Amino acid sequence: MVRRRFPPATLALVAVGLVAGGLWWWAVLRLLLVPGETGPVEGVMAAGGWGLSLLPVHVAASSGRPGALARRIGRTPWRRRWGAGSGPA
C-alpha cells in the first residue's frame, strides 16, 4: 500500500477551507431556521459566501505574457487586432 504524504501547507489550506465552509453553512442554516435570533455576523458570512460563488469561473491565472492564453487556444489577442477592422485575424 502506497502512503502519500501531503505538504503541511496543503493540509492547512484544506483545513481552513473546511472550517470556512462549515461556518458558512452554520450561518445559512441559522438564517433559515431562526431568522429572528440571527445577527449581522451571520448575514455577512452568508452573503460573503454567496458572493464568492458568483465569481466567474473563467478567471484563471495565465503565464503573465499578454496574449499567451490566446495564442495557446489559437486566437489572436485583442491588442493586436485593435483597429484592424472586422476581417479575419
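This is a predicted model: local features need pLDDT of at least 70, side-chain atom pairs count only at pLDDT 80 or more; totals for chains, interfaces and linings use all residues.
Hi everyone, let's start with tryptophan 24, which is partly exposed, at a relative accessible area of 24%.

The partners are tryptophan 24 and tryptophan 25, and their ring centres lie 5.0 Å apart. Their planes meet at 75°, so this is an edge-to-face pair.

Now a step back to the whole chain. The protein has four helices and zero strands, and reading along the sequence gives the pattern α-α-α-α. There are 89 residues, and 10% of them count as buried. The exposed surface comes to about 8000 Å², with carbon and sulfur atoms supplying 67% of it.

How confident is the predictor? The mean pLDDT of the protein is 76, and 60% of the residues reach 70 or more. Confidence is highest in α1, at 91, and lowest in helix α4, residues 78–81, where the mean is 52. Please keep those two values in mind as you look over the helices.

Next, charges. Side chains of opposite charge can pair when their charged atoms come close. Which two side chains meet in a salt bridge here? They are arginine 30 and glutamate 42, at 2.8 Å from N to O. This pair links distant parts of the chain, with arginine 30 in helix α1 and glutamate 42 in helix α2, twelve residues apart. The count of salt bridges comes to one.

Are the two partners buried or partly exposed? Arginine 30 has 26% relative accessibility, so it counts as partly exposed. Glutamate 42, at 8%, falls under the 20% cut-off and therefore counts as buried.

My last stop is the loop between α1, residues 8–33, and α2, residues 40–53, where threonine 38 lies. The side chain of threonine 38 reaches the backbone oxygen of proline 35, at 3.0 Å. If we leave aside neighbours within four places in sequence, threonine 38 is in contact with Arg30 and Leu31.

Key: Residues are numbered from 1 along each chain as its sequence is written. Side-chain values use heavy atoms; hydrogens and water are left out. Buried means under 20% relative accessible area, exposed over 50%, partly exposed in between (1.4 Å probe, protein chains only). Accessible areas come from the Shrake-Rupley method with a 1.4 Å probe; for residues, only the protein chains shown count as cover. A polar contact is a pair of N or O atoms within 3.5 Å; within protein, one must be able to donate a hydrogen and the other to accept it, and residues adjacent in sequence count only if both atoms are side-chain atoms. Contact means heavy atoms within 4.5 Å. pLDDT is the predictor's confidence in each residue, from 0 to 100. Rings of Phe, Tyr and Trp (its six-membered ring) pair if their centres lie within 6.5 Å; planes under 30 degrees apart count as stacked, over 60 as edge-to-face and the rest as tilted. A salt bridge is a side-chain nitrogen of Lys or Arg within 4 Å of a carboxyl oxygen of Asp or Glu.
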